[in-house]
Structures are given as structure tokens and as C-alpha cells.
Amino acid sequence: MGLSGTPTKYIGILSALIWVGMLSFATADEAAPANASTQTCEEETVRLDASGGTVASAEMQDQDGLGVCYANTASLMLQSVIPGHPAVSYLDLAIGTSASGVSGTAFVKSAKEKDKSLYFEGGFVCDAIQAAQKKGRICSRKSVSIERLGYVYSPLLQKKGTDALGEWADALASIRGQFFPPGSAEKEASVKQWAQVKQSFKKLTDYIESEAQKRLSKVSGVQTDEVIGAAYLEAAEKLFSKKFWLLGPKKYESVLTEQDVCYLDPILKSFEEISKQGGIGHGQAMAILVQMRESIDLSPQEFFERAFAPTCEKDALKIPEGTTCMDYFVPKSFLGKDKSSSAEEFRLVKDAYRDQALGQLRKGKAVGISLCSAALADFSYDRFEHIESGAEGSRSGCSSAYYPAHGAHAVTMIGYRKSRAADGSCKTEYLIQNSWGKDWCREKGALCDGGKLWIPDDTLAKNTFDLSVLHQQQKAGP
Amino acid sequence: MKVWIGFLALFQAFVAASVYGATAESVFYRFGTDQGQRFQLDSDFQAWVSAVCFADPGVKPASKCKILSQMQDLQSGKYQKDLGKLRSVGGQNPGSLICTELLGNSVMSGRDSKGNEQTFCRSEDGSSISSGSLDSILRRSIKKSKSH
């Protein structure tokens, strides 16, 4: 072995040991259950989705093209620890994460440079939970109107949708900042201009509201939240269709004056940019505005909560005190170019990871995992092979020519089962709940249970780059 | 005459129910404020397909619904030249990506009676397929072409 390879090997093993140590410490932080041994091979099955389990009432989620897997996972993890186990809105979690400045669609954006060099990508599950903790409350799934509508009336809410909302909130805050600059000597003038901006918004929203009311007047039957929401979305999309931007704002002079357009322009421009990126539709954004006539005076965070979930405050959920979300990134050295060190690290990390996951599941807590989604389709997938081969997407090893629609992903572990394999070895499989609807794993036959998949621990170990777990601090003794 | 026509219609309905209805597994999904749609399990694609595609006994479904002919194209490798359009970000549903980026269709998000979400890939004629199957169909096609 050359001199250059030796330090890499030791650094690699050291990283793995540190990682294992961190996991062991975290596990020891909480009271170990009576049957916590993971070394035995007794047949055992734990399912948090079974009757009486902590996620038994969880509905299957299908995030479509939103790219909010971290929020889907966070929602299930939180449901498993909140008393009563109510369904948590993943859209609220995604928006909260986006508004807090962390983008779930960019890898390790917030990580420090030194961390980036040591670990693989991931970690947005805990970012989402921490953003919710910072906000102080989260919305229940039933209180988020758009989530209930299921995007049917907003196909443009696919692709970077939540990021787009974050950008819009920023734009809104920026506009307000222009009129109320800190320490401004011209505050009086600013106030006057600000009033005009608000007036412009009012005019716009009045128009959409009257259009929506016209539509509603033709509806026969019960006007549920969904019916009303759809009417607003349709009215707003009519006004702010893509054509509006191609033809220019003057087309809508009957609705807006030049001055209105002028004041609205910065925000509308940001919509235009978002639309070019394939993000949220103008109509969708404006429909939110309709619900939020006075939203312009709110902070982006308040704005989102009230716009998306008018009853959230009433039905707000709280994350139990003392809850901490921790990410355990698999060290990059886990890969290693020296195969002998890799095998040892692999065993160490896999064992520690299994102990941690099983311990959490026994306590009824769902566990988040960031991994290569190709592994869900093909249990033999090994991302390390793809990193080494320098294939496309080689930074994480999550993409290859055979899996063009796959990449880095977050899913939720909600159970496990241990059994003895035909060769006498001990076999552990994890039950994974995904956010791709109910039939994505049908090709796996009996291993697929209505959108939940049993997956071997070896497959997970080869493809995981981050484990997210919820710890709860022990109360201090008397 | 009318009696005979009525009898014939009843017989046809009976055959249709026997072949496609009574024996077929089906599910119902609501889409926003719509009345909703019934889907039937397609054994070839292992996916839920608009039940309307199976309405006429003896008629090959692909000739009736655009989504099924698109699935056959996907299976035959027609879209493989466009694979570069696919780029998964944030764990997007691969089926949704394939639906919009490769097939140029739209995605509808439905809910069943228990509130479970399921997305469907909707072709321009309105016929739809559950998006979860698209990824496996594409992967099989890629594997087949690479092995040749």
C-alpha cells in the first residue's frame, strides 16, 4: 500500500468509529427498552402502521413532482411523536422549510464547507422539523386547504412549487422593505406609497373575488371548502395565465391602471421568473393572495400559514418539548478506495445504523432516511459502485443510465421484521413508507404493501447517506 | 323487435360485466371537486387505468385510450431519446416526472375514500394511468434495449 493510501484508510475508519460513537451515545440518551437486543435472531415484527401504532392513521402521500420528500418524511416522524398521533401537513412543513431559507431541492446548501467535504448529501428532514420548531406550531393535515385540493387545479404547483412560494414570500418582504426602509427619513412618503401598493393589491384581489363568486353562484349543491377553493383558483388562473405575461400587463388595463402595474411589477416579475423555471403558477399564487387580502402586512411566515391553512391556528399541533431531530450522516470515507477498510466500515456503520433504527422503532418513533431512490426499485443497487465509476450523478451515486428518473430521496422507516433466512443467517428487513402513492412498488409483489415496501437492511446500508431520528430529552430527576 | 334489441343489450352488458367488470379489480378516486373516476387494474402494465378504457368487450384497450398507446410506446423504447429531460430533484415521484417530461401529459392528484393520495398520468383524451407504474415500464424498456 502506498503512503498516500494509508492516511485515507485510517481517517476513514476513524470517521466510521466517530459516527458509530455518535449513534451509540444518542441511543443511550434515552431509556433503552427491555427487549432492545438486536443481536438475537428471534422472529420479530414491529409495525408502527398496525392498529394502535403511532402512524396507524397516516394516509398515503403522493408528492407528485413537488420534490418535498423531506417534508413527507418529517410529517410521518412528527405524527409518531405528537400525542394522539394526528396527521401532519407535509405542505406546511415544506413551506416552512423553504421560508426559513433552507431549500429541500438543493443539496447541503446550508452545510458548512468542511462538513460538505466529509459527508454525503442529505439532512433536509431535520431542517424541516427544526423550521417547524422555530415557528412554534405546525398545521394538521386537515387544516391545509391546498393540500386537500391535491393540486388538481394547480398543475403549475409542481416542480419547485414550495421554493417558488418561498421566493414569493421573499419578494413580498422585499417590497415592504422598499417602502419601510429601516430608519427611513421619508417614512411619511413611504407610508403613502405603501397605501397605494395595498390599494393595487386590493383591486386585483377584488377582481378575482368577484369572478370566483360568479362561478360559485352557478354551483349547485354544497359549497365545501374544496369547491370554494377551486373557484378562486380558476378565477385567478384566468387572470394570471401565462398568456398574460406573453401579451404584457397592458392587456389587463381594464383591471389595473398603469400605476397599479408599476407597484405590482416587482412581485409580478418574480412570478414571471418563477414561471420560467416551471414553478408555481401566477394564478395559484394570486389565489393565495385572495385569501390573504391583508397578507402584505404579514411576515412571510405568517403569510404562508394564514394563506394555506386558515384554520391552522385553531387546529395547531405542537411538537413535544424536548424533542430534537438529529441527522447522522454516513461519512464519505465509508466508501473508501481501499476495499478492506470499506468492508470494516460497512459492517460498523451498518450495525450501528441498525441498532439505532430498531431502537427508535421499538419506541414507536418513525425514522427518516435519505437514500438513493434507485435502491427502492432495485435491491441490488449500490450507489458506491456508481460513484466509483464516475457515472452521471456520481456525487451521490444516486443516478445511473438505468434509473434516469431517480435521485436522492427521503423516505420513512415505519417498521421492521427479523427472521432466519434459508441459509441460516439472520435477516432484517425494514418497512419503508414512501411519498409516491399506493402503487409505485407493485412490481415487488408481496414485499409491496399498498405503497409501503419491505426492503433488506443490506440494500439500505449501501444506499443511505443520512439517518434522521427524533430524540426526546429525559426529564431531570428531583 | 324491441324485445330482441333489449335482450341483445342485456346479453352484451352481461358479457361485458363478466369479462371486464365483475371479475376486474377496481378503485375509485376523487379529483378535487370532480365527481371522481373509477379505475381498473390493467394486468399488462400492473397499473390502475381509467375504467372507461375497458368498457367495450373484445376491443383492444389501446385503440380506445391514448394513455394505453402511450404506455406501449414507452414500453417499446420510443421515448428513450428524451431521457436527458429527466432529472429528479427532491425525491419527486419518478412517475410524475416521466408523465410530464417524457409523455407531455399532465398529472392529476386524486384521493380515495380513506384520504390516501394517488397521482395519475392523464393523456389529452382524458384517459389516465396511475403514475407509479411508469417508472417500472421505462426501466424495463431501458434494460431491454441495453441488453440488445
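Predicted model: local features only at pLDDT ≥ 70, side-chain atom pairs only at ≥ 80, totals over all residues.
Biologist: How do the axes of helices H3 and H4 of chain B cross?

Modeller: Start with the angle between the axes. Helix H3 (residues 94–102) and helix H4 (residues 132–147) of chain B have axes that come within 6 Å and cross at roughly 75°. Angles of 65 to 115 degrees count as roughly perpendicular, so H3(B) is roughly perpendicular to H4(B).

Biologist: Which residues make that contact?

Modeller: H3(B) brings B:Pro94, B:Gly95, B:Ile98 and B:Cys99, while H4(B) brings B:Gly132, B:Ser133, B:Leu134, B:Asp135 and B:Leu138. By class, the residues of this contact are five nonpolar, three polar and one charged.

Biologist: Now the partner chain, please. How many residues of chain B are in contact with chain A?

Modeller: There are 42 in chain B, in contact with 41 residues of chain A. Next, see which elements contribute: strands S3 (47–50), S4 (106–111) and S5 (117–122) of chain B each give two or more residues, as do H3 and H4 of that chain. H4(B) supplies the largest share, eight residues. The side of chain B that touches chain A has 13 nonpolar, 23 polar and six charged residues.

Biologist: And the strands: which way does S2(B) run against S3(B), parallel or antiparallel?

Modeller: Antiparallel, with four bridges joining them. B:Phe39 has B:Ser50 in S3(B) as its bridge partner. The two strands form a hairpin with four residues between them, and B:Gln46 in the turn has a positive phi of about 50°.

Key
Residues numbered from 1 in each chain as written. Chains lettered and ligands numbered in written order. Axes fitted to C-alpha atoms, helices over the stretch in contact; angles between N-to-C directions. Parallel < 35°, antiparallel > 145°, perpendicular 65-115°, else oblique. Contact = placed C-beta atoms within 7 Å. Nonpolar A, V, L, I, M, F, W, Y, C, P; charged D, E, K, R; others polar. Pairing = 2+ DSSP bridges.
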